[in-house]
Structures are given as structure tokens and as C-alpha cells.
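User: I have a structure open and want to go through parts of it with you. Can we start with how you decide what is buried?

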Amino acid sequence: MKKQVQFIYAALIYFFLYLPLAVMVAYSFNASRFTMQWKGFTLHWYDQLLHDASLIQAALHSLAIATCSATAACVVGTVTALAIHRWRFAGRKTIHAVLFIMMMSPDIVIGISLLVLFMAISLPLGFWTLFMAHVTLCVPFVAITVHGRLQGFDPHVVEAARDLGAGEYEVWRHIILPMTMPAVLAGWFMSFTLSLDDVIIAFFTTGPTFEILPLRIYSMVRLGLKPEVNALCAVMILITAVAVVTTQGLLKERQ
Amino acid sequence: MKRIIMILLPLLVFAANTWAAEKKLYLYCWSEYIPEAVLTQFTKETGIKVVLSTYDSNEAMYAKVKMTGKGYDLIVPSTDFVSRMGKEGLLLPLDKALLGNLGNLNPKMLNQPFDPGNAYSVPYMWGSTAIAVNSADPAAAGVTCLADLWKPELKGKLLLPNDQRSVLGLGLKRLGFSWNDTDSAHIQKACELLKPLMANVRVFDSDSPKQALLNNEVQVAVLYSGEAYVASRENPKIHYIYPPEGFGLWLDSLCIPKGAKNVANAHAFINFILQTKVGAAISKEMGYSSPNLKAIDLLPAEVRANPIVYPDEATMARGEFEVDLGKTERLYEKCWTGLKATK
Amino acid sequence: MKDSRLFKRLVLSAVLLWIVFFAFAPNLLVLLASFGHVSTTTFVMPALSLDSYARLLEPSYGRILISSFALSGGVTLICLVCGYPFAAIVARTSPPWRNLLLLLVVIPFWTNSLVRTYAMIAILNANGIVNRLLLSMNLITTALPMMYTSGAVVAGLVYTLLPFMVLPLYAALERLDQRYVEAARDLGATPAKTFVHVVLPMTLPGIVSGCMLVFLPAIGMFYVSDVLGGARSMLLGNFIRDQFLTSRDWPFGSAASVAMTLVMAVMLLLYWKSNARLAHREWT
């Protein structure tokens with residue numbers, strides 16, 4: 001009895017999580033243009049989507065910014081994590097706290113504070129401002145993930161390397177970096193999704209010359225329900241599902 | 001993994017760059033204000049690709065242009081913002097030599113006080129802000145004037161524009177004041193009058209109010225004439241009412257902001273829009289009124305005679321064009337923020 | 001040796017520079033802006049005035065603050081009440097299934113949150129699924145107005161943020177040592193008492209971090225209230241966005257943002273306190 005109640009409850013939650021996505025995918029095949037009545041099966045909206053060059057461009061922009069900012073955030077975040085782990089210096093704890101606070105900061109606070117910064121140094125909004133904003137968004141996540149992994153380390157390995165004559169640079173290059181690699185990779189994926197998912201920060205920090213997919217969808221959504229948007233979202237859901245399943249498979253193989 | 005990133009990175013950057021190398025025009029326009037076909041036609045004729053972004057209020061456009069500085073090549077502000085932006089040096093003077101089709105325009109719409117000699121602006125379209133009702137709904141069918149909007153039976157059935165001038169204008173007009181009133185006591189009074197109206201409001205939307213109307217989410221909407229025109233074509237039960245108390249008229253113009261990079265392309269686009277055929281196509285599809293006299297002649301009779309698009313002289317006399325309010329704008333803004341927070 | 005000192009200096013100064021420029025400077029600028037005056041030509045006139053904060057407390061604006069906190073608080077509560085039993089169920093499932101269940105929670109949140117918010121329209125619309133279902137079952141005669149209400153905003157926010165509540169709760173519940181629960185039972189405590197006196201305090205950090213991860217973003221997610229709530233200023237996020245991008249009253253918007261940061265600071269303190277208390281308890 002108790003098991004059944006639990007099962008039904010969990011099923012209900014999953015139903016709530018997946019229903020909107022299922023409905024949207026279903027409507028992407030609906031022939032009706034303005035209303036939500038079912039008027040037959042069509043692939044017309046997918047065809048339209050393929051011919052919408054500006055939408056495809058926005059999607060490519062999104063991928064480009066996610067790749068670039070995730071990579072940069074990994075570099076900055078890893079170096080930061082290693083620095084607070086490896087060296088004792090004044091302000092070490094503060095940096096750790098600052099990273100945590102940055103991670104918890106609501107997107108809108110990050111977005112407007114960076115907007116104010118970019119305005120103060122009169123930087124035109126576009127690719128570079130968005131890039132810096134997304135790196136700022138992602139670095140704390142990378143740093144804290146990598147730092148978490150570093151704390152599980154055996155410090156004797158480093159000592160042993162030192163005794164064998166390795167300099168600071170060699171220790172980093174041959175011991176610390178390889179050992180942190182899994183955490184760095186996890187951080188990279190996290191950053192990549194954070195950047196792809198972000199709406200709010202991009203809203204404030206990008207300009208007309210670099211439009212990304214979420215903002216494009218935002219302006220399409222404001223104009224009401226459009227079957228093309230349904231089709232686009234269905235494609236995005238499919239891509240995510242495939243990506244998730246393949247990464248899971250890859251990770252399993254590694255293990 | 002590292003290798004994949006290394007391979008992907010330059011590819012993506014390269015992809016982003018090749019697009020940037022094309023001939024481009026960054027157009028920043030009101031949403032649902034220019035037909036897709038016109039943009040494709042322009043690209044076909046000139047090879048210039050139009051990158052369109054949209055806004056739903058003059059204030060939002062102004063803030064964004066001021067902030068980004070560079071990036072937009074062409075904007076479509078209303079009269080009041082043309083004069084404000086002109087005064088602040090945010091606009092680039094137009095090169096009339098590149099605008100051969102200027103002569104097609106209605107002389108009455110040119111050389112207006114908001115931009116003497118049309119130094120910065122070329123009229124794009126004009127229209128009204130009035131009431132659309134869905135006569136299928138009994139409560140909505142009874143609406144004939146502004147005062148009716150306050151009726152309690154319209155609770156949760158009303159849509160207002162997401163635009164301070166249009167909403168404040170309703171209050172001012174109902175009180176018999178000017179749509180452009182600058183008297184702080186009058187504005188205060190209109191603001192108080194509008195507070196109870198907020199209980200009737202279901203949604204604020206200037207982007208695509210016709211959607212809410214057509215989906216039966218609202219039964220009465222204060223909206224721009226073009227939206228009403230498209231909605232009434234989709235659903236004949238939707239009627240457009242010019243309230244007897246008066247209503248707002250506006251004129252939007254094409255302007256080139258100071259930071260524009262593709263100035264020549266922007267001029268080419270303006271001149272393209274000024275062609276009679278193009279002007280007629282836009283007015284026909286969007287349902288707004290064209291300042292292009294010769295274009296009106298090309299329109300089919302049902303559009304030319306449609307009172308939503310081209311109201312008669314008597315109706316026009318009740319309308320009032322929006323003008324720049326200068327510092328008074330702050331009072332409007334203050335009232336507007338308060339109104340939107342009212343439940 | 002000298003070489004490695006130089007390396008250390010170089011790396012450290014780069015890190016510090018980064019933090020100063022991207023973490024301290026922007027927030028400091030916002031704080032400064034909140035004390036400034038509105039200017040029509042530039043964005044902010046530097047000044048030292050508390051006007052913006054005073055206006056934030058005026059009844060008409062204070063109401064936005066209060067209703068926004070109430071709405072986000074409600075969302076957090078719903079997420080907690082729905083998410084806690086769910087996290088407990090997942091945490092007690094056997095390992096291979098557990099990973100699958102977790103993955104299923106996470107998958108939807110890999111699609112852009114705006115896309116998911118948009119998906120809610122199809123459900124809440126006047127002609128949407130829920131209304132159709134109720135109409136066909138003759139439970140209602142006319143479509144319920146669900147779009148453009150605060151209920152729709154709450155539904156959208158719960159939908160988007162539920163995973164952020166479930167994951168920390170799951171982590172806390174999974175770490176919970178079952179021996180404590182068994183001990184309490186052996187000592188004769190009822191399930192309710194065991195829950196209140198053992199399980200709840202031990203999962204408190206999870207609860208607090210889950211609440212933080214839901215409450216703070218909820219205040220700021222202006223697009224949910226735009227798409228589902230009809231552009232009324234229901235959330236502080238909409239208000240801040242409008243001050244920056246429409247009204248151009250940067251000091252006022254900055255003051256609201258500072259207020260939001262203060263709320264975050266209070267929540268962080270709570271989190272650290274509850275963590276410290278738990279650590280202390282386990283120690284003794």
C-alpha cells in the first residue's frame with residue numbers, strides 16, 4: 001500500500017515535469033496556425049524552421065558563446081581553485097566566500113551589475129560583453145567543483161614530486177592538472193549548459209550585433225503562440241535528449 | 001574531449017565571422033510592424049541582409065539605443081522621440097540625395113514641428129490608439145466610449161498597451177484634457193482615475209494584443225489600429241471604436257541613430273520603403289495608414305475605405321497626435337510604474 | 001625557487017584581478033548608483049542621497065516588494081512541500097534505479113527555461129489542455145481564465161525551479177545516516193516524532209540551500225511573469241528590468257537590486273548557521 005502511494009506520487013511529479021514538453025512536441029505537428037485546435041498532421045513548421053536563416057544563425061551564436069565561455073571559464077575557474085587549494089595567502093578564505101556568493105547571486109543582480117560595469121567603461125554591448133558575462137556566471141561553478149575534487153587529494157603525491165626535484169610549474173603540469181581533469185570536464189559541461197540556458201544575463205549584456213537563441217525565442221514568444229516556435233523547441237528537446245543519453249553512455253564506458 | 005573543443009572552437013568562431021562579413025542592416029523596429037516579405041524583397045534587390053530586432057515601447061527602444069550606442073542602423077521612433085533624440089544628438093542627419101522617392105510622401109506629414117525640414121526622420125506609418133471589442137461578449141458589446149472601460153462587468157476582460165503614453169492618454173482624454181497634457185495636477189488626476197481601471201486589466205501587451213483577443217483571453221482591448229485591423233479580418237465580430245472623448249494618433253518615422261555602421265544601407269532601405277508599391281504592400285498587410293499618398297491609390301478599395309486604417313475627416317478631428325513632453329515625461333513614468341503594480 | 005615564486009605571484013595576481021574586476025567592481029558600482037540621482041543625459045548623476053531607498057518603501061512600490069516576496073515565498077513553499085517527499089522516495093530507491101530517477105528529474109532542465117515556460121502556455125491557455133479536459137468532463141461550462149494570473153506565474157515558477165529544490169534535498173536525505181532513524185525508533189519515538197526531531201534537523205542544510213536556490217531566482221525570473229503573467233510588475237525582477245531598460249531610473253533599479261542582495265545575504269547567513277550547527281551536533 002505504502003509503496004503504491006509512493007509510486008503514484010513520484011509518477012505524478014514526473015507527469016508534471018514532462019507534460020508541457022510532450023504537449024509542445026505534439027503541437028509542433030499541428031496544421032492549425034492561430035488556434036490550438038487539432039487540424040491534422042503536418043511537417044510544414046519544420047520545413048519553415050529550416051528556411052529561417054536568422055533563427056539558425058541565432059542558434060549558432062548560442063553554441064559559439066556557450067563553447068567559448070565554458071572553455072574560458074574552465075581556465076579561470078581551475079586556476080582559481082588550484083590557487084586557493086595550493087597556496088596559503090591572505091584573503092584566501094574571502095575568495096572562497098566570494099565565489100560561493102557569486103554562485104548564489106540571482107541572475108538579475110549579476111546581469112544589471114555587469115551592465116552597469118560595461119556602461120561605466122563604455123564598452124559597446126555585443127559578443128565580448130556577453131562572453132565576459134557568461135564567463136563570470138560560470139567561473140564560480142567550475143572553481144567550486146574543482147576545489148571540491150582537490151580536497152579529496154593525497155598531498156603526499158605533491159611532496160614526493162617535490163622531493164624528486166620537480167618545480168612549481170612541473171608539479172602543476174604533470175600532477176595537479178591531470179588529477180583535476182575529471183572535475184574540470186564536469187565543470188565545462190556545467191558551464192556549457194548554464195550558458196545555453198541563460199536568458200536573464202544575456203538580456204542585459206548583449207547587443208543587436210550578437211543575438212542568441214533564447215533572446216530570439218523571447219521576442220517570438222511575445223508575439224504569441226507560433227507553430228514554428230513549437231517545432232524549434234521540439235528540435236531542441238530532441239538534441240538535449242540525445243546529448244544527455246550519449247554523454248551518459250560515454251561516461252559509463254569510461255568507468 | 002579537449003581535442004573536440006579545440007576543433008570546435010575555431011569552427012564556431014569562424015562560422016560567426018563569415019556571417020558578420022555579409023552586407024547587413026540592423027533594423028530595430030516595433031514588433032509586427034514590417035512584413036517579412038518586404039524584408040526578403042529588399043535583400044533580393046540589394047543583397048543587403050536585414051537583421052531585425054523588435055521593441056514594444058518607445059522608452060525601451062530609447063534606453064537600448066542609448067545604452068548600446070553602436071549597433072543599430074535604423075530605428076522607428078514615434079514623433080515625440082524623434083524630437084527628443086534629435087535634440088540629444090542621438091540621430092544622424094539624413095542625406096536627402098540618397099532618398100529619391102521622398103516626393104511620394106504626403107506633404108502634410110512632412111516638415112512638422114517635431115523635426116523641421118525632416119532633417120532626421122522620414123515618416124513610415126501612422127495610426128491610432130483606440131478600442132477594439134469582441135461583440136460576441138455581451139459586456140464587451142456594450143462598450144461605446146472610454147468611460148465604459150471602467151464598468152465592473154469588464155473585470156478581467158480588458159487588455160491595455162504596455163506603454164505609458166497610451167494608458168495615461170485614456171485617463172487624460174476621459175477627463176477632457178489633452179493627450180499631451182503637461183500640467184502635473186491633470187496628470188495626477190488622470191492617474192488616480194486610472195487606478196480603479198487596473199482591476200479590469202487582464203494583461204498589458206503592445207507586442208501582439210490581437211493574439212489575446214483572438215484566443216478569447218480578453219474581450220476588450222485598447223490597441224493600435226493595425227492590430228485591430230488584422231484581428232477584425234480574422235474574426236469579423238471584432239470591431240474598432242474611436243471613442244467620442246477623443247483618442248491618440250501617432251506617427252512613426254524611420255531614423256538613423258548616431259552610432260550606425262551601415263549608413264548607406266540604411267538610406268537604401270528608407271528609399272526602398274518610400275516606393276509606392278512597397279508602401280502599399282506594407283499598409284495592406286499591417287493595417288496601418290501610409291503617409292505615402294501614391295501608395296494609398298494602389299490599395300484595394302476595401303483597405304482604402306476601411307475606417308480602421310483610414311478614418312474619415314470627422315473622426316480624425318477627435319484624434320490628437322502625440323508630441324514630446326520633455327521633463328513631464330518623468331511624471332508619466334512615475335504614475336505608470338505605480339499603475340502596473342496595482343492589482 | 002625564484003622561478004616558482006614568480007609563477008605564484010603571476011597566477012595569484014591574475015586571480016585577484018579577475019575577482020576585483022568582475023565580482024567587486026560591478027556590485028560596488030550598483031551600490032554607488034543606488035545613491036545617485038536620475039539624469040536625462042547620462043545614466044546616473046553621482047550623488048549621496050537615500051531618495052531611491054526611501055521611494056522603495058513608499059506604499060505603491062513597497063507593495064511590489066511585498067507581493068514579489070510573497071509570490072516567491074509561495075513558490076518556495078510549494079516546491080519544498082512537493083519536493084521533500086519526492087526526494088525521500090528517490091533517495092530510498094535502490095541505486096541503479098535511483099540514478100535513472102535522478103536523471104529524469106534533470107533532463108527537462110537541460111532545455112532552455114524560457115522554452116519550458118513557453119510550453120506552459122499550451123496547458124494554461126483558454127483553449128489549452130486543462131480547460132479542454134475540464135470542459136469535456138462537464139466540470140466547468142466556460143473556460144477558466146488561467147493565463148495572465150498570479151496562479152499561472154506560480155505554476156510556471158514551480159515548474160522551472162522544482163529540480164533546484166529536489167537535488168539538494170536528495171543530497172541531504174541520501175547522506176542521512178539511517179542508524180539515527182533506527183535508534184530513534186528503537187527508543188520508542190513515533191514516525192512523526194522521529195521526523196521532526198531527527199530527520200528534519202539533519203536535513204536542514206539541504207532544506208535551506210534548496211529554498212535559497214528556488215527563492216532567489218524566483219524573484220528575478222521576469223520572463224516567466226512576462227510570458228504567463230501578462231507584463232504586470234508581479235516580480236521584483238520585472239520591476240528592476242523596467243527601471244533599467246524602460247524608465248531609465250538606474251538609481252531606483254539599483255536600490256531594488258541592493259535590496260535583493262541583502263535578502264540573499266540573510267539567506268546565506270541562515271545557510272552557514274544551519275551547516276555549522278549540524279557540524280557541531282555531529283561532532284559532539
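Analyst: A residue counts as buried if 20 or more other C-beta atoms lie within 10 Å of its own, and as exposed if 12 or fewer do. Keep in mind that this is a predicted model.

User: OK, then C:Arg248: buried or exposed?

Analyst: C:Arg248 has 23 other C-beta atoms within 10 Å, and the cut-off is 20 or more, so C:Arg248 is buried.

User: Where is C:Arg248 in the chain?

Analyst: In the loop between α12 and α13 of chain C. The backbone there has a positive phi of about 55° at C:Arg248, although the residue is not a glycine.

User: Why point that out?

Analyst: Because most residues other than glycine have a negative phi.

User: Which residue of chain B has a positive phi without being a glycine?

Analyst: B:Glu32, with a phi of about 55°. B:Glu32 sits in the loop between β1 (24–30) and α2 (36–46) of chain B. B:Glu32 has 22 other C-beta atoms within 10 Å, so this residue is buried.

User: Switching to α7 of chain C. What length should that helix have, and what does the model give?

Analyst: Helix α7 of chain C covers residues 150–175, which is 26 residues. At 1.5 Å a residue the helix should span 38 Å, and its end C-alpha atoms are 37 Å apart, so the two agree.

User: Where is the kink in α7(C)?

Analyst: At C:Leu161, with an angle of about 45°.

User: How many residues of α7(C) are buried?

Analyst: 20 of the 26, so α7(C) is largely enclosed by the rest of the structure.

User: New topic. How many residues are in contact between chain C and chain A?

Analyst: 59 residues of chain C are in contact with 60 residues of chain A. Elements of chain C that give two or more residues to its side include α1 (2–34), α3 (59–92) and α13 (250–283).

User: Which of them gives the most?

Analyst: α1(C), with 17 residues.

User: And what kinds of residues make up that side of chain C?

Analyst: On the side of chain C that touches chain A there are 43 nonpolar residues, 13 polar and three charged.

Conventions: Residues numbered from 1 in each chain as written. Chains lettered and ligands numbered in written order. Predicted model: local features only at pLDDT ≥ 70, side-chain atom pairs only at ≥ 80, totals over all residues. Contact = placed C-beta atoms within 7 Å. Helix = DSSP H or I, 4+ residues; strand = E, 2+ residues; numbered from the N terminus. Nonpolar A, V, L, I, M, F, W, Y, C, P; charged D, E, K, R; others polar. Expected span 1.5 Å × (residues − 1). Bend = angle between axes of the 7 residues up to and from the residue.
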